[in-house]
Amino acid sequence: MRENLNMNQGWKFHVGDIEKDLIRGHYDTYMHSKAQSGLGAAATLFYDGDFQMVDLPHDYVLDGKAAKEYNESQGAYLREDAWYRKNFQLSEEDRGRRIVLLFDGAGMKTKVWINGHTAGQNDSMYNSFFVDITPYLVYGKDINTVAVHIVNDDLEGWWYEGAGIYRNVWMIKTDAIAVDVWGAWVNPVKKNADQWEVKIETTIHNIKDDKKILIEQAILDDQGMKVEETSYEMKVTFGQNRIETTMLVEKPVLWDLQNSRLYRLLTRIKDNNRILDEYETSFGFREIDFDAKKGFYLNGKHVKLRGACMHQDHGNLGVALPKSVMEYRIQKLKEAGMNAYRCAHHNPAPEILEICDRLGMLVVDENRWFNFSDTTKKQLKSMCLRDRNHPCVIMWSIGNEEPLQNTLVGKELTSQMRRFMHKLDGTRPVTIALNGGFYDSYAAEESDVIGVNYLVSHYDQMHLVHSEKAIVATESGASANTRGIYFLEDNQEQGGHYETAYDKKRVEFGSSYAYAIEASETHEYISGTFLWAGMEYRGEAIWPILFSGTGILDSCAMEKDNFYLVKSFWGNEPMIHMVPQHWNFETRRGEMIQIHIYSNVNEVELYVNNRSLGIKKVEPFHPPVFEVPYEPGSIRAIGIKDGRECVEQEIYTVKEPVDLRLDVKNCISNSGEDAVVVEASLVDERGQFVPCASQRVFFTSEEQGEILAVSGGDPKDHEPAKAHDKKMFNGRVQAIIKVKEGSVNLRIGAAVPELGLEQSVLISPVQAEPVLRVQRCDSILEIKEFRIWPETMDETSLDSIYDFNDMNTSQPVTMKNYRGQPGRGYDIYTGKTIIPKFPHGKTVYMKFNGISGNVKVKVFHDTNCWPNPTPKEFKKVYAATKEKEKRDLSICLDGFGSNEKCYIVIMVKRDGLFELDSVEFALE
């Protein structure tokens, strides 16, 4: 039966390249030209004892230090290459099964080795990919080694990309005949008011001989009740086998934004009465339509797309986000009144789509490369096959602001990529986010839906030229602003490189958020808009700023004032929010302070120290503004709807902080994969938030938790990203703590030594079912390359000369669990190896485990050492045993150095007593 095993724990990690041995000479060249040719860290015989232990997801870039000389567009961090290694064992029961490693995301470029064999590679860090490792595996007590090389000799984005195995890795075990990875596509199509035809395409993978199988498929509702079922027989040949079928479903509950009802397709494969595989596919019943005049429709109802573009990094986590943090971010977008999410500018983590399915969030799913090479086709295919069952995905995007959009080449690329996507999935439109190419015969002409970035003044002309096509604002706004910064508007260049929090146009191509939203909401033919951006993100900035300032949330998903601006336009519940969000301007006594009021009621009234400054109407998309001379005390805004006061907010001039407050922001489980978000702030004697606080907060966690990141949201924070302490930025700081598997309670502490304040909070995670995992095991430096020479009748000297380059006289032999044959004379075995790189101060031993019989051994340096290190002395070491019972024989190789070449000669008397379990290196 199928097993999906989490492979996140217990990886060994090394940042930087590891020098490989140069290939020289006939033997080295011959062997490297064969299978299992991995060198250096790709080989099984490699000492990784000094590697760092890490769990996934893992982004190692932020382990470095930000510096001006590095690429500031990508976050001003050095992006080096790296290696990951993990050992695992498989039972004998796994032999004959198909075993696949699924990488949800790694890179930039990723190459995977299994037991020294090149097993697969992927050239983008954003698409998921899988590697079939079945042919390379060993079973029982033998140890398998997966090595992953991350290469960053190029870049894909103009933002912080991070690097590493930064998403989950899974080991999928199936029967030899099973549903392939992403091998079921469920495509419900509405036939009439009551009936839906469910089209199902199933891909069965077979690694053995032809066989006739029975396939049973059933549609289950969210309670697990069977809705409809079918069964059929098919003959499966080696490789992929694709079959299509349909089922009819009466009156399903539709997936929509308010009721995100999901169904499951259960596919069962049988051989006679034996179940070979069970595979579940989540899907939903829903209809989408983009109308050129009216915009977007979901299940026949008009829906204005109200969304944001999102990158994938989060504060000092980098891009390695636990699922619980992803969900927290999406919940914040929904809280602002959003219903749509654009994956900018790449295929997202699969958890993003699972969350959007469950919470009712529409998604534009985007590919990174605007290209039609085989590599890009692989990326497009993996995006589509992986994601096409998600009801949340309403559109595919094949690129963003490509310079070729204004050319005939760009038009042809758009055409080819669109047709390629339609061949995989003809149910969703394809767009490309454009900032040009709208007119004449260019990229827009080949889009199903025209995606426009900014260029609000062009909407009407685009609609006139492309009257047959729907338009969506794939990006809008780009209004940079910094949480909690309220310096004078006409003095913003003196604000310490920060942008003031007021909503206004910051860049020539963009606009204020209010104007962008107004343009979308007041143009009926615009399907909706995606604000740039939902959150601040690393990169695309100018030193000393490390984060792009755009976003309604800061880089930790803490609310900026524009969060409430958007909520006032798109939210439903009455709300009111004043900008600024504090009343502490002692140095500006008597100066006029602009107070913007974001609200969705009819009117607002403002009070300063209980004096009314009058009532103003709330005009759509134009928040009321009051000019107030600063004086300490309080300001209070009251929202009035239909003549009645319904909501208010009051802000005081705060006093000195007297207490530390911790707020837990999300719910988590104890699966070992979740992380809790905790925010710290200071309050004064009234219990009022102290908005200008900048004290340093030190976080601690009990053993059941691991502090992953502490961040303050300061766009020019140059302190080490992995520290457990951080200065508050405008009164707030955030810690993200991973909850260890099986934890019952976890206490998280915080302290502000400067003020003598301490606080703690007890977290009680939801009890989760144990996660099925690939268990790590210790590595063994096993020597496997041996050859046996023709037997000899006479005992010869171990110092006899053997031509180690002779690939014909001798034959390869496996010395693990070896049993010698009885007879006359002697057997000669030879081996060639390289002493593993080992730490200074260690002594290396060659261990013959479980050896018996009449045996003599010689280990000696290869005099043709180049290009490896030249030994200080060319040494020879001898050992022998005549034991009839098995024991371990250790040969001290004192004087042999790291990476030095050596030979092994073993002479065995053919008396039937020779046994050998394994040969390995050991360090002491």
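The charged end of K716 sits over the ring of Y498, 4.8 Å from its centre; a charge counts as over a ring if NZ of Lys or CZ of Arg is within 6 Å of the ring centre and within 35 degrees of the ring normal. This is a predicted model, where local features need pLDDT of at least 70 and side-chain atom pairs count only at pLDDT 80 or more, while totals for chains, interfaces and linings use all residues. Residues are numbered from 1 along each chain as its sequence is written, and side-chain values use heavy atoms, with hydrogens and water left out.

**Charge over a ring**
- K616 lies over the face of F626, at 4.6 Å from the ring centre.

**Aromatic pairs**
- Searching the whole structure gives 32 aromatic pairs (rings of Phe, Tyr and Trp, the last by its six-membered ring, with centres within 6.5 Å; planes under 30 degrees apart are stacked, over 60 edge-to-face and the rest tilted).
- W158 and W159 make an edge-to-face pair, because their ring centres are 4.7 Å apart and their planes stand at 75 degrees.
- W158 is partly exposed at 29% relative accessibility, whereas W159 is buried at 2% (buried is under 20% relative accessible area, exposed over 50%, partly exposed in between, with a 1.4 Å probe and protein chains only).
- Y829 and F914 form a tilted pair, because their ring centres are 5.9 Å apart and their planes are at 35 degrees.
- This pair links distant parts of the chain, 85 residues apart: Y829 is in strand 50 (residues 822-834), and F914 is in the loop between strand 55 (901-911) and strand 56 (915-916).
- Both Y829 and F914 are buried.
- One aromatic cluster is made of W11, F13, Y60 and Y84.

**The open sheet**
- In the order 31-32-35, 3 strands form an open sheet with antiparallel pairing (helices, H or I of at least four residues, and strands, E of at least two, are DSSP runs numbered from the N terminus; two strands pair if DSSP finds at least two bridges between them).
- Strand 31 (576-579) and strand 35 (625-629) are at the edges with a single partner strand each, so one side of each has no neighbour in the sheet.
- From one strand to the next, the twist averages 25 degrees (axes are lines fitted to C-alpha atoms, for helices over the stretch in contact, and angles run from 0 to 180 degrees between N-to-C directions).
- Strand 31 and strand 32 (residues 592-599) run antiparallel and are joined by 4 bridges.
- V579 has H596 in strand 32 as its bridge partner.
- Helix 8 (residues 561-570) packs on the sheet and touches strand 31 and strand 32, its direction making about 45 degrees with that of strand 32 (contact means heavy atoms within 4.5 Å).
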